[in-house]
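Please take a look at the structure below and keep it open as you read. We will walk through it together, one region at a time.

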Amino acid sequence: MGNKTEKNGITIDKNRANAMIKRILLYERTNIKTHTFSQTEILNKIQKIIEGECDVIRKD
Amino acid sequence: MLLEKIELENFRQFKGKQTINFSKDENKNITLVFGENGGGKTTLAQAFHWVLYGENEFNDKNLLNCDVIKEMQYNDYKKVSIKLFIKKKNIGYIFERSIKYAKKNNKEARKVDSEQFSVSKTEQGNQTVLENREAQNIVQETLPKELSNFFIFDGERIRKLSAEIDKGKSDNLFGEAVRGLLGLTAMQSIIKHLGKSTSTGTNTVIGRYNKKIDSTSLSQSKKYSERIQEYQEKIKKCECKLSENKQAEITYKKLVLDSHEKLNQIIPEEDLQKEREKYLTLASKSEKRYDNFTKEILSTFNKKAPAFFLKAITPMVMKELQENKSVEKSLPDIQQRTIELLIDRKKCVCGREIRENSEEYKTLRELQQYLPPQSIASSIRQFTTETKSHIKNADGVFKELELKMKKRATTFEEIKTNQQKADNISDTSVSADKAKHIRLQIAEYNKKRDEITTEQAQINRKIGEWQNSVKQMDAKRKELILVDKENQKNNEYKTYAEYISEKLTSIYKKEEAKTRETLEDTINKIFEDIYEGGMHLSVDDKYNIKVSITDPTNGDKNTLERSTAQNYSIIFAFIAGIIQMAKENKKEKKEDSIYYDESEGYPLIMDAPLSAFDKKRIKNICETLPDIAQQIIFFIKDTDGKVAQTYLQDRIGTEYSIKKDTLTTSTIEEKKNV
């Protein structure tokens, strides 16, 4: 269970959670620079990582 | 990040092209620009704001040098521009902002176009011009606007910050600066944007997921599943029944066919039996008729034979009766009871009295003997009439009897003939009964088949209805299942969002507390260097700064009434503190480096920073700041400058002076032999 944890009956994969943090932080940094923000962008990033479409950091 | 140079063209006091090359020497990181009052020190500080962000705080918004305007001819065009050269990670950037003016009358020139902004990038000798959005991004990335108050500031800004410190409450400027310079802004932003697990609004990520999740669909879907199962069981039972009925229908059909076959075999026997029954019926009818004839003969004989036989003596009897007078003695229509009534009344209808044993009495009694009901006369009269009638009827009696006897004999022959015919056909009544029984059975079987057919139709109709319901419910269930699948997904996404929000909040809180603690230590150290010992600066969680005096005897910290110099020292300490931390933050390789923004070292550009301080403090500041910031640019008035020059001597890389040529034009000159 080193890389897994349980929350609300859902098994959280810590690696995936970290990948999300990285992607969302990248997005937020860009967002801070451009003064824009979109929840949809963050939703997409979370969903894509869970769906396995991407789990590595890449520049948006 | 290093500022390399700034080029000004016709910008306010600076006529033509004028350049300041900033010192890039790590050990001599100070660029000192002297200037007398009105020479253009503040203009130079403002030049950074304008080139980077397109903003300035001049009251007169005309940026073109006044002498240039004077020299321009009507409809001449002149450009105002500033170029800022920086180097970042071995890449050179040139930020350029310009605007065109045209002379429209003797005194003034007007803008003829909007401001133009561009960033060109020089990497390994290749120069490219960046697109507008990328150019804006580079500005934000290099020198963020929201932090500009902390690395480019002048006396006015110091006064504003000082006022905030006096109020004991900042407008969160310090907090933002700390988070921004130390790379925590993105983390703070992500926590805010993710929201809390209870958020329901659409302006947070978790709120959006909460809105997406439809908690009722799961139970509804289960309900549909249960009902579908219920209907499917019913359909299954009905289908079993249909199959059983079908089998029964086949059985009955076979039974009917078999019965018809049996019946066909019996039918010829049955026909013979019918013929036999016909003869028997005829014989039976003849027997009835025969009996009737017998009865008629006897009746005729009984009725008419006595008269016939009396016919010979009748005349004698009639003669005797005529001779008897009893008929004459009677009174017609008077009965014995009438006489009895008169005797009882003792008075006759004629009014004569009737006494017992009187003549009248005796006459009446005698008359009574000839009166009905015991009247012989009446009987004789009746007998006579009847006898006359009998005698008259007795005339054809023999002929009548003879005829009837003949008919009776014929009927008897008929009976015998029919009976004989019937006897000639063998008795097959058993077969007839059997045929009847079979027919009844066929009728029964057909009735059962009809019942089954009706039942099958009803069952099929029910099955059809249920199948339709199942189809409809299944469609609804599928929709709900889709929602449920979506829910499960959204719940998973939301849980991840909550998890990362909680994780980042925990890291952020820990890191921010640590940062504040470090900041407090750092600014206290710097403050001690700049100002004096015996005072303590504390930073609360809102980044409000409080100064207290430390009593060396008991260590108590008491709040202190502050002077302007103290406030300025605090600001210097604060700004220097966060710039130093940013610099160290950059050097330090953090364990969880992904959480922190890649902070750049920032220059410190200060306009008239030393005006509020005495020589002693100027000395302290001059000795402290060069070690803290990566690059320092001071715009300083000549009086302060001389003191600063004395204390900063070893750290000054480049020195410039602004020479005031006219009231409206100055020239920047580099000082040699620094």
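**A walk through the predicted model**

Two residues are in contact here if their C-beta atoms, placed from the backbone, lie within 7 Å. This is a predicted model, in which local features need pLDDT of at least 70 and side-chain atom pairs count only at pLDDT 80 or more, while totals for chains, interfaces and linings use all residues. Residues are numbered from 1 along each chain as its sequence is written, and chains are lettered from A and ligands numbered from 1 in the order in which they are written.

Together with Val33(B), Ala573(B) and Ile578(B), Phe634(B) is among the residues with the most contacts inside the largest nonpolar core, which has 91 residues. Such a core is a set of buried Ala, Val, Leu, Ile, Met, Phe, Trp, Tyr and Cys residues joined through C-beta atoms within 7 Å. A residue is buried if 20 or more other C-beta atoms lie within 10 Å of its own, exposed if 12 or fewer, and partly exposed in between, with C-beta atoms placed from the backbone. Helix α17 of chain B (residues 564-587) gives the most to this core, with 12 residues. Helices (H or I, at least four residues) and strands (E, at least two) are DSSP runs, numbered from the N terminus. Apart from that core lies another, of 26 residues, among them Ile21(A), Ile46(A), Ala186(B) and Tyr496(B).

An α-helix has 3.6 residues a turn, so residues three or four places apart point the same way.

Now for the place where the chains meet. The contact takes 24 residues from chain B and 22 residues from chain A. On the side of chain B that touches chain A, α3 (132-142), α7 (185-194), α8 (205-212) and α16 (429-530) each give two or more residues, and α16(B) provides the largest share, 11 residues.

Chain A itself has 2 helices and 2 strands, running β-β-α-α from the N terminus on. Of its 60 residues, 28% count as buried. Chain A averages a pLDDT (the predictor's confidence in each residue, from 0 to 100) of 75, and 73% of the residues score at least 70. Over residues 55-60 of chain A, pLDDT stays under 50. Where pLDDT is low, the predicted coordinates should not be read in detail.

Finally, a backbone detail back in chain B. Asn10(B), in strand β1 (residues 2-11), has a positive phi near 55° though it is not glycine, and counts as buried with 24 C-beta neighbours inside 10 Å.
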